[in-house]
Amino acid sequence: MKPDLFEAPDYYNLDDLLTEEHKLIRDAARAWVKRDVSPIIEQAAQDAKFPKSIIPGLAEIGAFGPYIPEQYGGAGLDQISYGLIMQEIERGDSGVRSTASVQSSLVMYPIWKYGSEEQRNKFLPKLASGEFMGSFGLTEPDHGSNPSGMVTSFKDMGDHYLLNGAKLWISNSPFCDVAVVWAKNEEGRIHGLIVERGMEGFSTPETHNKWSLRASATGELIFQDVKVPKENLLPNKSGLGAPLGCLDSARYGIAWGAIGAAMDCYDTALRYAKERIQFGKPIAAFQLQQKKLAEMITEITKAQLLAFRLGQLKNEDRATSAQISMAKRNNVEMAIKIAREARQMLGGMGITGEYSIMRHMMNLESVITYEGTHDIHLLITGLDITGENAFK
Ligand SMILES: Cc1cc2nc3c(=O)[nH]c(=O)nc-3n(C[C@H](O)[C@H](O)[C@H](O)COP(=O)(O)OP(=O)(O)OC[C@H]3O[C@@H](n4cnc5c(N)ncnc54)[C@H](O)[C@@H]3O)c2cc1C
């Protein structure tokens, strides 16, 4: 792979809106990605292996629980810092950002928000340091966009719960130490349970042959009469709103992360276009290529503004789920379109692992599907503005 010469575009001087702390955090994450992710990520993706060696680095830049209070081992940062960290990590690779998103927003967030004080103290510091890695089990083989139909369930056996069922498409599952699993009780109410590796009847087979997010491990969570201690049930929230609250936090991070992938594709295409000579001049001098680049920087700038404003609303605890859906949907589509255009600008070189673009492009096919598909986020906006539910 080519050396990482990334220079972040900031067409509207958005840095002026950031605090010194934001910039320090962003720059530390950016430097870490250049130093520790870029040199190894292409090979990890080619080998379809999550590079576990980067876990301590992710913890060090605050990627595990950026907004979780320091008393639980988190970084205690605001939502814009969280977004900036996700942007920088996904600039390197969406699979690495997925690992961080799951750990922070889908595992640490529910334990922090819905867990007991004992659960917070037991799990959060280890998750923040990367000593424990987590996964989040909501999707099932027959229930993806409609998680309320889930069939994974648990029974109260007096001194423990008995958990049965299966989850599919679970990021980090093959190596997770703990899984936050959503399952129905005997009354059909959804609850979160913390399932720990080593519990009898719990297995996590890996899903192979992916063409996307190859540097992220994906798998199943299978529960066959797993005895879950009663103290592992998340006590403070139940119902579908509980997992959806986690998804709001993760989707917000994706809205920022997608900008990182788009910035990397744009920056790579711009540099290539200035250097690649055809018909006696750089391809950057041809109007068709300028149109592509001009539209890319325009769309990136709009996405940056959307994410920044959403971050302000999140900091004030005023961001609605529908606003988060709009940003996730818009920014991922923006990134995937830029990746496809940028790949074409590199001609044949664009399909090789010498450049990051094709990897981003394939990764974004998962990002546009997970955490609510592109269609589902559109329906959420539709419901929000019309009051009419078009899901069913
Ligand atoms: C790499 C990867 C990692 C993932 N990681 C996790 C994870 O860590 N944890 C987890 O729980 N899940 C995870 N997922 C699952 C992901 O969230 C689901 O794939 C997603 O929610 C879609 O579900 P599905 O694949 O079953 O598609 P389906 O729900 O079957 O959808 C198929 C198509 O039908 C459309 N559709 C569905 N319902 C409607 C409707 N009402 N109206 C119009 N169109 C509709 C969808 O938009 C889609 O285009 C991951 C997925 C991938 C690919």
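How many salt bridges does the structure hold by the rule applied here? I looked this up first, keeping in mind that the model is predicted. The count comes to 20 salt bridges.

**Entry: salt bridges within helices**

I examined Arg120 and Glu117, which form a salt bridge with their closest N and O atoms 2.6 Å apart. Because the two residues are three residues apart in helix α5 (residues 117-129), about one helical turn separates them. Arg120 has a relative accessibility of 15% and therefore counts as buried, whereas Glu117, at 33%, is partly exposed.

I then turned to Glu299 and Lys302, whose closest N and O atoms are 2.9 Å apart in a salt bridge. Both residues lie in helix α7, three residues apart, or about one turn of the helix. Glu299 is partly exposed at 30% relative accessible area, and Lys302 is partly exposed at 46%. I also noted a network in which salt bridges with shared partners join Asp4, Arg91 and Asp264.

**Entry: Arg26 and Asp27**

I found a salt bridge between Arg26 and Asp27, with 2.7 Å between the closest N and O atoms. Is Arg26 buried or exposed? Arg26 is buried, since its relative accessible area is 6% and buried means under 20%. Asp27 counts as partly exposed at 38% relative accessibility.

**Entry: aromatic rings**

I recorded 13 aromatic pairs in the structure. One of them joins Tyr82 and Tyr252 in a tilted arrangement, 5.6 Å centre to centre with 45 degrees between the planes. Tyr82 belongs to helix α3 (residues 79-92) and Tyr252 to helix α6 (residues 241-275), so the pair ties together parts that are 170 residues apart in sequence. Both Tyr82 and Tyr252 are buried.

I next inspected Tyr109 and Tyr114, whose ring centres are 6.1 Å apart; their planes stand at 85 degrees, so this pair is edge-to-face. Tyr109 and Tyr114 are both buried. I noted that one aromatic cluster includes Tyr82, Tyr109, Trp112, Tyr114 and Tyr252.

The charged end of Lys113 sits over the ring of Trp112, 4.6 Å from its centre. Lys314 lies over the face of Tyr252, 5.4 Å from the ring centre.

**Entry: a surface patch**

I located a nonpolar patch on the surface formed by Tyr11, Tyr12 and Leu305, which together have about 380 Å² of accessible area. Leu305 lies in helix α7 (residues 287-315) and, at 36% relative accessibility, counts as partly exposed.

Key:
Residues numbered from 1 in each chain as written. Predicted model: local features only at pLDDT ≥ 70, side-chain atom pairs only at ≥ 80, totals over all residues. Heavy atoms only, no water. Patch = residues over 30% accessible without salt bridge, like charges linked within 9 Å, V, L, I, M, F, W, Y side chains within 5 Å. Areas by Shrake-Rupley, 256 points an atom, 1.4 Å probe, with all protein chains shown as cover. Salt bridge = Lys/Arg side-chain N within 4 Å of Asp/Glu carboxyl O. Helix = DSSP H or I, 4+ residues; strand = E, 2+ residues; numbered from the N terminus. Buried < 20%, exposed > 50% of the residue type's maximum accessible area, 1.4 Å probe, protein only. Phe/Tyr/Trp six-rings, centres within 6.5 Å; stacked < 30°, edge-to-face > 60°. Lys NZ or Arg CZ within 6 Å of the ring centre and 35° of its normal.
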